[in-house]
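Please read it alongside the sequence and the structure.

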Amino acid sequence: MALNARLDHRNPLVFDTHELGRRPGALQRLNRTIDAPRDLGVAGVIGVPEGAPVELELRLESVMEGVLVTGTARAKAEGECVRCLEPLEQQLEADFQEMFSYPDADDRGRVKAEPADDAEEDEDRLFVEDGLIDLEPVLRDAVVLALPMQPVCQEDCPGLCSECGARLADDPDHHHDAVDIRWAALQGLAGSLEDGEKDEMSGAEPGVDEKQEK
């Protein structure tokens, strides 16, 4: 991506690389626990609550073209089971690796004679800005990739009853008697015929009695 406005060193996801230096091969290991930023996860599905602790384990390595960051983020994600709609929690571990390029170096690490003016080339790149790097976009991408798009409370969650909405895991024997609408129509027709026969029989009985009296 293109260079942003000056980064704020007070942001917990902004890291200072001045101590690392620009000598290729220099290495720095960092561990930091931060408060999760807002909307860290898959919106409306599952994510790390804002302000929840996120443990970062980082490895910063100086290379010719910039700073290579390799890391792991660990946190507790919260969401809703897509089958039974019950709240769920899940331990999250997201690995990532990203190159932060020096603005004055080309892809081979050579210092550019003149700053390039190619917005398309820089659109997907991250940069070291005044010795600072911003890990927030990297963390967001890693978390989204590590989280399930269809979270479930357990692998064999049976979900909800399609007829009444009851949670099937709470009542494994839950069921409804299935009624075939075709048989229901025939049963109604049979009932109508039986009622008609009864009416005919009840209407014939007086005539029989009259014959017997004669």
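Beyond its neighbours within four places in sequence, E61 is in contact (heavy atoms within 4.5 Å) with L20, A26, L27, G66, V67 and L68. This is a predicted model, in which local features need pLDDT of at least 70, side-chain atom pairs count only at pLDDT 80 or more, and totals for chains, interfaces and linings use all residues. Residues are numbered from 1 along each chain as its sequence is written, and side-chain values use heavy atoms, with hydrogens and water left out.

**E61**
- E61 lies in strand β5, residues 53–63; strands are DSSP runs of E of at least two residues, and helices are runs of H or I of at least four, numbered from the N terminus.
- The C-alpha atoms of E61 and M99 are separated by 9.6 Å, with the two residues 38 apart along the chain.

**Helix α2**
- V138, L139, A142 and V143 of α2 are buried, that is, under 20% relative accessible area, where exposed means over 50% and partly exposed in between (1.4 Å probe, protein chains only).
- The exposed residues D141 and L145 are on the face of α2 turned away from its buried side.
- Among the elements covering the buried residues of α2 are β2 (27–35) and β8 (126–127).
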